[in-house]
Amino acid sequence: MKLSADIDLGRSLRQVFGNNPDFTAQIEQDCARQSDTTSAILRRFLGSNESERRELMILADEVGLGKTYVALAVAISILDAIRRGEVPDGLPSNKPVVLVLTPTNDALFNKWMREAEAFKTDCARHDGGLSWLQIRCPIDYSTKSGNVINLSAQMRDATPGQPMLLIAKQSVLGAALHDHDLWRRRSLASLFGHFRTPTETRRYWCRRGRVFDKFGIPELNELLDLRSSAHLWDDSLSPDLE
C-alpha cells in the first residue's frame, strides 16, 4: 500500500507559506519526508510480504513536524484503499472504520477533531477530493466521551463508499452503559448468537429474566456476570449457556 492519490501533504504547507519562493525548497522537503514516512508505515502495516509486517508502530519526531498529519494520512489511505477495492485480505470492507483514541483531555480531543477536519480540506489534492470521508465522534457535536453503545452506533453508518474516521477519547471503552436494559438485551443477543441458541430456548431465558426482575430475585445483570453466577445457569434446558 501507498499514500492515497487523493492526498497532497504539500498543499497545506503551501497554503501556510503562500507563494514565497524562499520557502519552496523547504515545503518540498517537508512534503517528501511526510509522504515517505506515510508510505513506510503503510508498507509495514499492510505490505505484501507478511513476514515484514508489523502490528504495532510508534511514530516519533520533534514538535511541529507533522506527526498528526502523517497519522491521518495513514488512516485515510487505508480507508481509501478499502473504498477503491484495493485493500489487502483481512481488512473489513463492509463497515470500514479507523478508530482514533485520544487522551481524555478535552483540549487534545478537540485538537484531533479540528486537525482531521482541516486535513480533509487542506490536504485534498483537489477541492472536494476527500468528500467521501466521514469524520465522526461517539456523540455528535459533543466532547462527552460516550460509551461503546455510542461507538457502535456511529460505526454502523460507515459504508464501503463512505468509510469513517471515528475519533474518541480513551475513556469511551470504560464508560458506564447507562441504558442497562439495552445492555442486557444486547449481551443476551451476543450470547445467543455465539452459542446458536434455539429460538425456544431464547424465549425461555427472556421470560425467566422478566420473572427475575418482577420478583427481585437475581436480575439479568447478575445472570450475565459470568464470574459469580454459575449456579444460576444450572438448567437442563440450556446447557450451552451454562
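Helices (DSSP runs of H or I, at least four residues) and strands (runs of E, at least two) are numbered here from the N terminus. The structure is a predicted model, in which local features need pLDDT of at least 70 and side-chain atom pairs count only at pLDDT 80 or more, while totals for chains, interfaces and linings use all residues. Residues are numbered from 1 along each chain as its sequence is written, and side-chain values use heavy atoms, with hydrogens and water left out.

The protein chain contains eight helices and three strands, and its elements follow the order α-α-α-β-α-β-α-β-α-α-α from the N terminus on. Of the 242 residues in the chain, 38% are buried, where buried stands for under 20% relative accessible area, exposed for over 50%, and partly exposed for values in between, with a 1.4 Å probe and protein chains only.

The largest pocket has a volume of about 900 Å³. On a 1 Å grid over the protein atoms alone, a pocket is an open set of points with protein on both sides within 12 Å along at least five of seven lines, and its lining residues have an atom within 4 Å of a point; grid points are joined across faces, edges and corners, and the volume is the space filled by probe spheres set on the points. The lining comprises 32 residues, of which Leu59, Lys67, Thr68, Ala71 and Trp112 lie nearest the centre of the pocket. At least two lining residues each are supplied by α1 (9-17), α2 (24-46), α3 (67-83), β1 and α4 (106-122), and the largest share, nine residues, comes from α3. By class, 21 lining residues are nonpolar, five polar and six charged, with Ala, Val, Leu, Ile, Met, Phe, Trp, Tyr, Cys and Pro counted as nonpolar, Asp, Glu, Lys and Arg as charged, and the others, Gly among them, as polar.

Side chains of opposite charge can pair when their charged atoms come close. With a salt bridge taken as a side-chain nitrogen of Lys or Arg within 4 Å of a carboxyl oxygen of Asp or Glu, the count comes to twelve salt bridges. One of these joins aspartate 106 and lysine 169, at 2.3 Å from N to O. Aspartate 106 lies in helix α4 and lysine 169 in strand β3, so this pair ties together parts that are 63 residues apart in sequence. Aspartate 106 is partly exposed at 38% relative accessible area, whereas lysine 169, at 6%, is buried.

A salt bridge also connects aspartate 80, which is buried with a relative accessible area of 2%, to arginine 84 at 2.9 Å from N to O; arginine 84 is partly exposed at 41%. Both residues belong to a network of salt bridges that links Asp6, Asp80, Arg83 and Arg84.

In the loop between α5 (148-155) and β3 (164-169), proline 160 is partly exposed, with a relative accessible area of 39%. The C-alpha atom of proline 160 is separated by 10.0 Å from that of alanine 81, although the two residues are 79 apart along the chain.

Leucine 101, in strand β1 (residues 97-102), is partly exposed with a relative accessible area of 36%. Together with Leu99, Val148 and Leu173, Leu101 forms a nonpolar patch on the surface, with about 300 Å² of accessible area in total. Such patches are made of residues with over 30% relative accessible area and no salt bridge, nonpolar side chains (Val, Leu, Ile, Met, Phe, Trp, Tyr) being joined within 5 Å and like charges within 9 Å, and accessible areas come from the Shrake-Rupley method with a 1.4 Å probe, only the protein chains shown counting as cover for residues.

Technical notes. 1 Å grid on protein atoms, 1.4 Å probe; cavity = no way out; pocket = protein on both sides within 12 Å on 5 of 7 lines; lining within 4 Å.
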